[in-house]
Amino acid sequence: MSSQQNSDWSATQYLKFGSERTRSVRDLLSQVPLSSPKHIIDLGCGPGNSTKVLAARYPNAQIMGMDSSPDMLEKARASLPGVRFVQADLSTYSPDSPVDLLFSNAVFHWLRNEERIQVMTRLIKTLPSGGVFAIQVPDNFYEPSHTLMRETAKFGPWSSILSNLKPELDPMPSPQVFYDSLKPLCKSVDIWHTHYHHILESPAAIVEWVKGTGLRPFIDPLDSEMKRGFLNSYLERITEAYPSLEDRRVMLTYPRLFLVAVRA
């Protein structure tokens, strides 16, 4: 998970939608062209849900999870006591020994555009020939769930507090930018998008989903009263943007970008 937040992440909040969040892990791993890697690092392992999927596919591999969040790592260690987990910052981290697979689920979108490609290329350079760099990132900067965060931040008593903050994320570069940046280092670069359509119980469930991730930069700086006000205002907008389905639930469309690169 990101190392750019001032307060720690909540593994419990994140895992409220653990099944939905882990689906993309399996989809990414299904395209990794390695049959028996010996050493794997799960970059931004979070509470260990992605690490568990890696361990199930590669039971004989030596797997290490890395994350910046103490709470996430505590949850991961409890879930997988036989796996080594370390605390580190993605923006400066490098493996201390050769690795066959660098795997990352929903982490690189937390880096700013100016460092994202730089960190990716630096990590790919640590791989041996044939090593794999596989990542998945949300690509939902322009989805209502996220545009309405920025809109809510502009209106209300919290606006002066949030006005000097940078946007919570930068939009993803185009697939062409990723390809052109990474291909000089790689035999192949496979890139694709998947749009998930998660069926949630209510608009409030959408708010609960993003409270564990993208909404945090907006609500973390606020005191409890302003936080409640912000969340109520955001919920009103979400309710309007996500109409009820036939069964009174709602559909959260969630685009994700996938990339699997093989080192030359």
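**Exercise 1. A residue in strand β4**

Which residues does L101 touch, not counting residues up to four places away in sequence? Find them in this predicted model, then describe the setting of L101.

*Solution.* 
- Step 1: Locate the residue. L101 is found in strand β4, which covers residues 101–105.
- Step 2: List its partners. Once residues up to four places away in sequence are set aside, L101 touches V32, L34, H39, I40, I41, L54, Y58, V132 and A134.
- Step 3: Pick one partner and check the distance. L34 is 67 residues apart from L101 along the chain, and their C-alpha atoms are separated by 8.3 Å.
- Step 4: The relative accessible area of L101 is 0%, and buried means under 20%, so L101 is buried.

**Exercise 2. The nonpolar cores**

Find the members of the largest nonpolar core that touch the most other members, and say which strand gives this core its largest share.

*Solution.* 
- Step 1: The largest nonpolar core has 42 residues, and those touching the most other members are L101, L215, F230 and Y234.
- Step 2: Strand β7 (residues 250–263) supplies the largest share of this core, namely six residues.
- Step 3: Another core, of 31 residues, lies apart from it; L43, M64, M172 and L182 are among its members.

**Exercise 3. Checking a helix**

Work out whether the length of helix α5 agrees or disagrees with its number of residues, then see what its buried residues pack against.

*Solution.* 
- Step 1: Helix α5 runs over residues 113–125, which is 13 residues.
- Step 2: At 1.5 Å a residue, the helix should span 18 Å. Its end C-alpha atoms are 19 Å apart, which agrees.
- Step 3: The buried residues of α5 are R116, I117, V119, M120, T121, L123 and I124.
- Step 4: To read that list, recall that an α-helix has 3.6 residues a turn, so residues three or four places apart point the same way.
- Step 5: The elements packed against by the buried residues of α5 are the strands β1 (39–43), β4, β5, β6 (186–200) and β7, together with α8 (175–182).

**Exercise 4. A residue in helix α2**

Is V25 buried or exposed, and which residues is it in contact with beyond four places in sequence?

*Solution.* 
- Step 1: V25 sits in helix α2, residues 18–29.
- Step 2: With a relative accessible area of 0%, V25 is buried.
- Step 3: Leaving aside neighbours within four places in sequence, V25 is in contact with S50, V53, F103 and N105.
- Step 4: For a distance across the sequence, take L54: V25 and L54 are 29 residues apart in sequence, and 8.8 Å apart in space from C-alpha to C-alpha.

**Exercise 5. Stepping back to the chain**

How many helices and strands does the protein chain have, and what does its radius of gyration say about it?

*Solution.* 
- Step 1: The protein chain has 11 helices and seven strands.
- Step 2: Its radius of gyration is 19 Å, close to the 18 Å that the globule rule gives for 264 residues, so the chain is as compact as a globular protein of that length.
- Step 3: Of those 264 residues, 53% count as buried.
- Step 4: Among contacts in the chain with a separation of 6 or more, 78% come from residues 24 or more positions apart.
- Step 5: Turn to the record. An unreviewed UniProt entry places the feature "domain: Methyltransferase" at residues 40–131. In the model, this span is 35% helix and 21% strand, and its end C-alpha atoms lie 10 Å apart.

Definitions and conventions. Residues numbered from 1 in each chain as written. Predicted model: local features only at pLDDT ≥ 70, side-chain atom pairs only at ≥ 80, totals over all residues. Heavy atoms only, no water. UniProt positions renumbered as here; feature names shortened; annotations may be inferred. Helix = DSSP H or I, 4+ residues; strand = E, 2+ residues; numbered from the N terminus. Core = buried A, V, L, I, M, F, W, Y, C linked by side-chain atoms within 4.5 Å. Buried < 20%, exposed > 50% of the residue type's maximum accessible area, 1.4 Å probe, protein only. Contact = heavy atoms within 4.5 Å. Rg over C-alpha atoms; globule rule 2.2 N^0.38 Å. Expected span 1.5 Å × (residues − 1).
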